[in-house]
Amino acid sequence: MKRIYFLRLWLIFLALSIFTFAAKVKYSKWDRSVTFEQYLQNFHIDKKIINTLDRDDQALISEIGYSQRYYELIASNGILLQALIPIGEELQAHLFRTHTGYKLEIIPIAYQKDTHIAILSVDKSPHLDIVNKIKNRRLANEFTRVLKHSVNFRGVQKKDKIVIVYDQKMRLGQPLGVPDIKVAMLESHGKKNYVFKHSDGKYYSANGKALVQKYMGKPLNHIRITSRFTPRRWHPVLHKWKAHHGVDLGAKRGTPILAAADGKVIYSGWMGGYGKVIKIQHEDNYLTLYAHQSRLKAKVGQYVKKGTIIGYTGNSGRSTGPHLHFGLYKNGRPIDPMRLVKFTTDGLTGKERHHFLNRKRKYTKIINKIAEENLPSFIWNTVNDIYVLPKMKTYYKNRGW
Ligand SMILES: [Zn+2]
């Protein structure tokens, strides 16, 4: 089913390219002050085209507006033939011209995902070395972020070891989005400090303790999760790709909405399918979004403290019943709020802990084995065979990784 979908997209692209050989492919950065409606207007496309999407997709498309790169195929006479505009890391709006007019759909972004293992020894500092040797600044930032609460980076010395197991999405030969670190290890004063990512998306120390980190507050006093974050999934009944860039919290109309953290209100008003929305900018490039409100209280430019009432829950926009849609973004990209908001209790217990420790043992075994080979720096890549150590590849395969 998915393959048919991509094939279809290719055929459209091919058809458009063949019959319009004078057309130009443009690759530009989206100006974050431009909305999708304005974009349509620039090409004299009726904005009613948005109404051809279903309710969820209309909400999703109102997220367009963050600085991301997008593609256009434009005819020599200036007419837009096709545009592919990312919405987050997984989906994109596909706008294309047919003989009967424009069509709009939401489709997945095609990418390949590789698992890498990077081993470095420290020359200057962990962050600088990752940037210089792996050429991936986002990986360096993530590494620092996940380890900063368990290691004192100042104690790191020359020749200390770094091990990172991570997934990296690639699109057209370029890294796409933030690398997903599964395990990170930083040796300092002869002690190996590990952090592991669990299936709940949070990081834990080797003994399953939750890492101390500054959590955001709850956006409502009473939490009842009705729908979770989904980067993308194939809907078997609707036969299309869906995504949910936030957590839905059930609450009756008029329930006070609280700011999840200190920050500055940068938006307070209507936002397409999300209805009445407030957006708050926080430190470290985090942004929270509170949608479907009945009444907005906080004003643009206002500084709010964690826990300040910013508005009231409702049913505005494309919503089936009163609830709060709570979205969290880092550098303009949607991330799962469960990662930073303590909706549930801390630490792993029972079956969860057992499962975590089992996985951890597997990881440490492999990492220690690689470290034993004592290679100063290499990257293991599941798809591109350039860096593959055949022995390790078999080792992984036998364990179903
Ligand atoms: Zn929602």
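Predicted model: local features only at pLDDT ≥ 70, side-chain atom pairs only at ≥ 80, totals over all residues.
The zinc ion is held by three protein donors, His244 through NE2, Asp248 through OD and His325 through ND1, at 2.0 to 2.1 Å. Along the chain these donor residues follow the spacing H-x3-D-x76-H. Histidine 244 belongs to strand β13 (residues 240-244) and histidine 325 to strand β21 (residues 323-330), so the pair ties together parts that are 81 residues apart in sequence. Both histidines are buried: the relative accessible area is 15% for histidine 244 and 3% for histidine 325.

Strand β2 (residues 69-74) is paired with two other strands. With strand β1 (residues 24-29), β2 forms an antiparallel pairing over six bridges, in which valine 25 stands opposite leucine 73. With strand β3 (residues 80-87), β2 is again antiparallel, here over four bridges, and glutamine 82 of β3 is the bridge partner of leucine 73. A hairpin with five residues between the strands is formed by β2 and β3, and glycine 78 in its turn adopts a positive phi of about 90 degrees. Because five of its six residues are buried, β2 is largely enclosed by the rest of the structure.

The largest nonpolar core comprises 26 residues, with Phe36, Tyr39, Ile61, Leu95 and Leu104 making the most contacts inside it. Two or more residues of this core come from each of α2 (36-42), α3 (55-61), β2, β3, β4 (91-98), β5 (101-108) and β13. The greatest contribution is that of β3, with four residues. Domain 1 (2-108) and domain 3 (225-339) both supply residues to this core, which therefore lies between them. Beyond its neighbours within four places in sequence, phenylalanine 36 contacts Trp30, Ile50, Ile61, Ile64, Ile85 and Leu104. A second, separate core contains 25 residues, among them Met216, Ala259, Val304 and Ile310. In soluble globular proteins, nonpolar side chains tend to be buried together.

Serine 294 is located in strand β18 (residues 286-296). With a relative accessibility of 18%, serine 294 counts as buried, because the cut-off is under 20%. Its side chain reaches the backbone oxygen of threonine 313 at 2.8 Å. Residues up to four places away in sequence aside, serine 294 touches Arg253, Gly254, Lys276, Tyr312, Thr313 and Gly314.

Conventions: Residues numbered from 1 in each chain as written. Heavy atoms only, no water. Buried < 20%, exposed > 50% of the residue type's maximum accessible area, 1.4 Å probe, protein only. Polar contact = N/O pair within 3.5 Å; in protein donor to acceptor, adjacent residues only side chain to side chain. Contact = heavy atoms within 4.5 Å. Donors = N, O, S within 2.8 Å, 3.2 Å for Na, K, Ca; no water. Pairing = 2+ DSSP bridges. Core = buried A, V, L, I, M, F, W, Y, C linked by side-chain atoms within 4.5 Å. Domains from an automatic or database assignment.
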